[in-house]
Amino acid sequence: MSETTTSDTSDRPVVFRGGTVLTMDDRHTVLRDADVLVIGERIEAVGPQLDVPAETLEIDARGGIVMPGMIDTHRHLWQTAMRGYGADWTLTQYFVWYYLESGKFFRPEDIYAGNLLGAIEALDAGVTTTVDWSHGLQTVDHADAAVDALEAVPGRFVLGYGNIQQGPWDWSAKPEFRDFVTRRIDGRGDMLGFQMAFDVTGDPEFPERAAFEVARDLDVPVSTHAGVWGATNDDGIRLMHENGFMTPSTIYVHAATLSPDSYNRIAATGGSVSVSTESEQSAGQGYPPTWRLRQHDIPVSLSMDTSAWWSGDLFSAMRTTLGADRSREHLEAHARQETITHCTLRAENVVDWATRGGSKALGLDSAIGSLEPGKKADVVLIKNDRSPVMFPIFNPYGHVALQAQRGDVHTVLVNGRIVKRDHRLVGIDLDRARQVVEQTVDYLKAELGEEAWEKGMNPDVPQVEVLDNPYTYTDYGTSATHSNSAE
């Protein structure tokens, strides 16, 4: 039996009563004991003791935090069916498995399975808008399957079209690609956006020019993995800049190993960086770059990258980003024989990056990212009366960034529609997702064979050389006895 409920409230206004409201407006207004009223697709009013229509559904937000839906600007949803498979991978092992060896086995139905589960997972964690950085689209059939899955889930999505099995100058030039954009993307509004997703290797011939020209012709943004150790570097940024392809809508993912010159180019052209801290810390793209981005005043959004490794929520992203930035700040100070006495990056900043940072990066800030009258009603209530972690709430930003987790997501609205209520998904067929994912896993296991499957999941462990120790083990009990005897 599916662990979901069916909603009969889609046409009723909704009001969240008596919560702590993080509006995330330009002034970051925080309201205590306040209400948020939603009518139709939009936020009608925010404030204390609001008058509401008679048929309004009231949700008790007392003891909870009401905030905008979170926004993930870079997630490979198609890989969600492989949840946790690469837990012990490095980036090199990821590249070998997906780019060179096993990624080519993924059929359209496997893209569908991963996207379906990943999209549901995002909503469950209060992520109401997700960029599906879909670089497993080997054919247009794969792309149709990706969109089919996204449209089966009541979230807000942006399809980042990519294909790691071909150069972007190849797949973007095919007539079926443009036909796909016309058939599946045009006219979908802000519920299904579109990007082109590809990387720039730094080849002096700049073959990616052709793909950038297609993006320009279609008037769609480009998202690119930039500043990834061993893969993309300053040459790619320079080529993009010199050829006029760096724009305010360009999103640079990771951007962890770039020079000050490259950061200056990004800042000067108005682009933003999607930081995937868990990924950068563990896989090896480079040290999470927020400490550098702050120095160059480059806008930041957050992302979780892939569930093949990490958690699929932005609570972890906020927490690890805050920790990595502060750790680096302390480390740099210690190298100068100094002590940091006040943290520069605050919890409030990472909550902003998880909401407004994403809406600005996606060009959707007039519609989502904050709780303000007239904006689309993407709303999250964090509340858990059964958890000892949800009280007391003194610093609501700190609570969201460092205390809360996906299990505390009580209610989620997307475009005014309730998709989760009282900790249960609404109108979502989780059994269907489980079924198609099981079929994908069975298929991939059969294609790879048991030995290759196990080897891919369990890479060799390097030997660690233990340093010589000039000291030998001391039996402290014996030493104490001898000392007492000598007295």
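Residue numbers start at 1 along each chain as its sequence is written, and side-chain values use heavy atoms, without hydrogens or water. In this predicted model, local features need pLDDT of at least 70 and side-chain atom pairs pLDDT 80 or more, while totals for chains, interfaces and linings use all residues.

**Stop one: an aromatic pair**

Select W78 and Y98. Their ring centres are 5.3 Å apart and their planes stand at 70 degrees, so the pair is edge-to-face. Rings of Phe, Tyr and Trp (its six-membered ring) pair if their centres lie within 6.5 Å; planes under 30 degrees apart are stacked, over 60 edge-to-face, and the rest tilted. W78 belongs to the loop between strand 7 (70–75) and helix 1 (91–101), and Y98 to helix 1, so the pair ties together parts 20 residues apart in sequence. Helices (H or I, at least four residues) and strands (E, at least two) are DSSP runs numbered from the N terminus.

Both residues are buried: W78 has a relative accessible area of 1%, and Y98 has 0%. Buried means under 20% relative accessible area, exposed over 50%, and partly exposed in between (1.4 Å probe, protein chains only).

The structure holds 28 aromatic pairs.

**Stop two: charges over rings**

Select K104 with F105: the charged end of K104 sits over the F105 ring, 5.1 Å from its centre. Then select R107 with Y443, where R107 lies over the face of the ring at 3.6 Å from the centre. The criterion is NZ of Lys or CZ of Arg within 6 Å of the ring centre and within 35 degrees of the ring normal.

**Stop three: backbone exceptions**

Most residues other than glycine have a negative phi, and most peptide bonds are trans. Select F391 and P392: the peptide bond from F391 to P392 is cis, with omega near -5 degrees. P392 is in the loop between strand 15 (379–382) and helix 14 (396–402).

Next, D33 has a positive phi, near 50 degrees. D33 is in strand 3 (residues 30–39) and is exposed, with a relative accessible area of 59%. Q337 also has a positive phi, near 60 degrees. Q337 lies in the loop between helix 11 (314–335) and helix 12 (347–353), and at 73% relative accessibility Q337 is exposed.
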